[in-house]
Amino acid sequence: MKAETHFAFFDEGSKKEIRRAIMKAVAIPGYQVPFASREMPIARGWGTGGLQITLSIIGKSDVLKVIDQGADESVNAVSIKKLVHETTGVELTDRTEDADIIQSRHRIPEIALTKEQIIVLQVPTPEPLRGVEAREYITKRMHSEYDYSGAWLILFEQIMKYGKTATAADHPVYVNHRYVMAPSPIPRFDNPKIHQSDALILLGAGREKKIYAVPPYTNVESLAFDDYPFTVESFEGMHCHLCSGADVFLDELIDHTTGETIYQCNDTSYCMERMNENVNEKEKAEVEGSYA
Amino acid sequence: MAIDQVHDLQQVYRKILHSMSRPGTISSIQKNVESVDYNLPCYDATLLSAMTLLDAEVTFHILSDNQHDLIEKISDYTLARFAPIDKADFVIVLREDTEATIQQALEQCKDGNLIDPQQSSTWIIESSLLSNNGELTLTGPGVQHTAQLHTSFSTALWQARNERTKEYPIGIDLIFADEASQIVCVPRTTSVKLMGVN
């Protein structure tokens, strides 16, 4: 027997509780609001935090995009899209600019988001101080006392060991000059996109039972020392082997036939869009050429 | 037509969320208010906001002493319990409430603590017509440059509010609703400057 699920899977009581947590998160940017994370039909650690936010805010007229590490078609993104679509009937899209809600794992899309959009990020470890302190009640106190020496120490130790800050992703940020926040495992390349963003950014950690947010037009600063300034991944001189895009986040791949290193856009919908544009332009040129 | 507990409340929530993340931005819930067929001594927008946010897990307070009927109705519709001002998660201010009562409530309400700043009260306040031509200048997260706002809150009440939000992250978050079913929010992060007052 297959039971009819309620709109957006959740009962209304669950939605209300999560909605209230989101409101507090927006009012206290960067602060991790505890919430009663629900059992979901996907495993914890597979985006349940993001999914719970998405299901609590989504309405009939919304258009949803889900990405997993930049890709619209990876298993995780597809499963989440299917679940939301089957329980709400909302329209799905791959195009960033057509979406009202974008749920994402570990990337912020290349195309600038707009005022009308909400991006929901999935978070595995919401606590930026967890590396220095295992006890939750102590890290909560550290946040309350504005004691972020631990966060600085992590970066300092990396400089001592490797000569630079070695955060590959999830580089901690100061939000609104008050809370140090884990921006979820987005590459450093995406950190500047959170600063004074046009879109509302919501972050959900299902396993850790925390929701936090960065409202639009909020100051977000990546932690860095004066003599070791914050830098993003550099892709200078490289471009995507498919769409020849540059100035975007590129994945490094090995061409199996030649054994050479090649680069490819991490944001698949951005790459596809550019390839289609290139094809259209080529066709247009050919058509125009044939008339001449 | 009755309120659709699923879709009307979802739409109202998104409007409140939009306004809360963009202080000073006025949202209209006129479309959803049309489904309200209750006749209660409060604005339809107030009732819808309460129904959107309240349930059995939270408490609310109504300032006025002679609104037993409204308290009972809100309890019945949302299952939220009535609580004294210093315990309430939500504080509802009606048009009839006097400046002195509101001021006193602003001083007594929950504002959270440094460990748990989310354990603070959220206010749903009935105001005269809200507009962006006003005496208030808002800045802070969610406001790109500055925003202008007019509400029925007096200078003294804004000063009392500013006093309660001085020790950020401790503070209170305000939702204003008016007769035309408009909503505007002023969370604790917003710096509210009054014209002519420094």
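## A sheet in chain B

Strand β1(B) pairs with β9(B), residues 182-186, in the antiparallel sense. Two bridges join this pair. The model is a predicted one.

How many strands does the open sheet have? There are seven, in the order β1-β9-β8-β5-β4-β2-β3 of chain B. Their pairing is mixed. At the edges lie β1 (27-28) and β3 (81-82) of chain B, each pairing on one side only. Helix α4 of chain B, residues 68-78, packs on the sheet. This helix touches β2 (59-62), β3 and β4 (90-93) of chain B. The directions of α4(B) and β2(B) make an angle of about 160°.

## Nonpolar cores

In soluble globular proteins, nonpolar side chains tend to be buried together. Here, the largest nonpolar core has 79 residues. I22(A), I57(A), L202(A), L54(B), F60(B) and I175(B) touch the most other members. Helix α1 of chain A, residues 12-27, gives the largest share of this core, seven residues.

Take I57(A). Leaving aside neighbours within four places in sequence, its contacts in chain A include I22(A), I101(A) and L202(A). Its contacts in chain B are Q10(B), Y13(B), R14(B) and L17(B). A second, separate core holds 27 residues, among them W123(B), I125(B), W158(B) and A160(B).

## Where the chains meet

Chain B and chain A each bring 41 residues to their contact. Together they bury about 3400 Å², with 59% of it on carbon and sulfur atoms. Four salt bridges link the two chains. K140(A) forms a salt bridge with D116(B), and their closest N and O atoms are 3.0 Å apart.

Methods. Residues numbered from 1 in each chain as written. Chains lettered and ligands numbered in written order. Predicted model: local features only at pLDDT ≥ 70, side-chain atom pairs only at ≥ 80, totals over all residues. Heavy atoms only, no water. Pairing = 2+ DSSP bridges. Helix = DSSP H or I, 4+ residues; strand = E, 2+ residues; numbered from the N terminus. Contact = heavy atoms within 4.5 Å. Axes fitted to C-alpha atoms, helices over the stretch in contact; angles between N-to-C directions. Core = buried A, V, L, I, M, F, W, Y, C linked by side-chain atoms within 4.5 Å. Buried < 20%, exposed > 50% of the residue type's maximum accessible area, 1.4 Å probe, protein only. Buried area = accessible area lost by both parts, 1.4 Å probe. Salt bridge = Lys/Arg side-chain N within 4 Å of Asp/Glu carboxyl O.
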